Amino acid sequence: MWWVILVEGLVISILGSILHFTYGWSRGNKFVAIFSAVNESTWEHIKLALSSIFGCTLIDMWFLGDNPNYWFAKSMEFITPVIVIPLIFYGYTAISKKPILPVDISSFIVAAFASAGVFVWMLGLRPMGESGMYVSMIITTIIMVAYLLLTRFPMHNFLFRDPTNGKYGLAAAQGKVRRKRK
């Protein structure tokens, strides 16, 4: 199943990279803001990975969905970038004292392939049973709620703060996106 890691890692990396720009391309469309980055905060970069994983799910559930661990493995794939992206970013910036774009891009790619790797690894474990299903439902629900709400209603902490202007959520995007003419 190494090919699943390769394909999903590449799709998450490429789709996430494209989604980094779609909010600006849409001129600030609030629907597009749900799945695209609206600012440069760590959360918005996590959201790019989650959007891409959701996209992969729409396809891979047709090929791998009969695996008894599929939904548990998928919930672990969702949670991986939530952990990996901040660990790498805040880990290296604690030393460098500033973001370094090639490291940021590399950390996103690492998170993409780590997510796919965790997914495939979990698929290969012995069936998790009913308890695994409950855990996956809880994790997936929490991730979905966060995904859908935290750009519009961000928490005011380091994870959601845009380092370029110190603002949070959609407010951080104001002035960066040219609005449609009325």
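Helices H3 and H5 cross at roughly 35 degrees, and their axes come within 11 Å of each other. Keep in mind that this is a predicted model. The crossing of these two helices is right-handed. On the H3 side, the residues that meet H5 are His45, Leu48, Ala49, Ile53, Asp60 and Leu64, and their partners in H5 are Phe108, Ser115, Phe119 and Leu123. Sorted by class, this contact of H3 with H5 comes to seven nonpolar residues, two polar ones and one charged one.

So what about H5 itself? Helix H5 covers residues 101-123, which makes 23 residues. From its first C-alpha to its last, H5 reaches 33 Å, close to the 33 Å expected at 1.5 Å a residue. Which residues of H5 are buried? They are Ser107, Phe108, Ala111, Ala112, Ser115, Ala116, Gly117, Phe119, Val120, Met122 and Leu123. An α-helix has 3.6 residues a turn, so residues three or four places apart point the same way.

From H3, the contact takes in Thr42, His45, Ile46, Ala49, Leu50, Ile53, Phe54, Cys56, Thr57, Asp60, Met61 and Leu64. From H4, it takes in Tyr70, Trp71, Lys74, Glu77, Phe78, Pro81, Val82, Ile85, Pro86, Phe89 and Tyr90. By class, the residues where H3 and H4 touch split into 17 nonpolar, three polar and three charged.

Now for a few single residues. Here is how four of them score on relative accessible area:

| Residue | Relative accessible area | Class |
|---|---|---|
| Tryptophan 62 | 71% | exposed |
| Threonine 80 | 9% | buried |
| Arginine 27 | 42% | partly exposed |
| Lysine 97 | 68% | exposed |

Start with tryptophan 62, which sits in helix H3. Is tryptophan 62 buried or exposed? It counts as exposed because its relative accessible area is 71%, and the cut-off for exposed is over 50%. Phe108 is one of the buried residues of H5.

Threonine 80 belongs to helix H4. With a relative accessibility of 9%, threonine 80 is buried, since buried means under 20%. What does threonine 80 touch, leaving aside residues up to four places away in sequence? The answer is Ala114, Ser115 and Val118. Ser115 also turns up among the H5 residues that meet H3.

The last two residues are found in loops. Most residues other than glycine have a negative phi. Arginine 27, though not a glycine, has a positive phi of about 60 degrees. You will find arginine 27 in the loop between H1 and helix H2 (30-33), and it is partly exposed at 42%. Lysine 97 also has a positive phi, near 70 degrees, in a residue other than glycine. Where does lysine 97 lie? Its place is the loop between H4 and H5, and at 68% relative accessibility lysine 97 is exposed.

Notes:
Residues are numbered from 1 along each chain as its sequence is written. This is a predicted model: local features need pLDDT of at least 70, side-chain atom pairs count only at pLDDT 80 or more; totals for chains, interfaces and linings use all residues. Side-chain values use heavy atoms; hydrogens and water are left out. Helices (H or I, at least four residues) and strands (E, at least two) are DSSP runs, numbered from the N terminus. The expected span of a helix is 1.5 Å times one less than its number of residues. Buried means under 20% relative accessible area, exposed over 50%, partly exposed in between (1.4 Å probe, protein chains only). Axes are lines fitted to C-alpha atoms, for helices over the stretch in contact, and angles run from 0 to 180 degrees between N-to-C directions. A crossing is left-handed if the near helix is turned anticlockwise from the far one by less than a right angle, and right-handed if clockwise. Contact means heavy atoms within 4.5 Å. Ala, Val, Leu, Ile, Met, Phe, Trp, Tyr, Cys and Pro count as nonpolar, Asp, Glu, Lys and Arg as charged, and the others, Gly among them, as polar.
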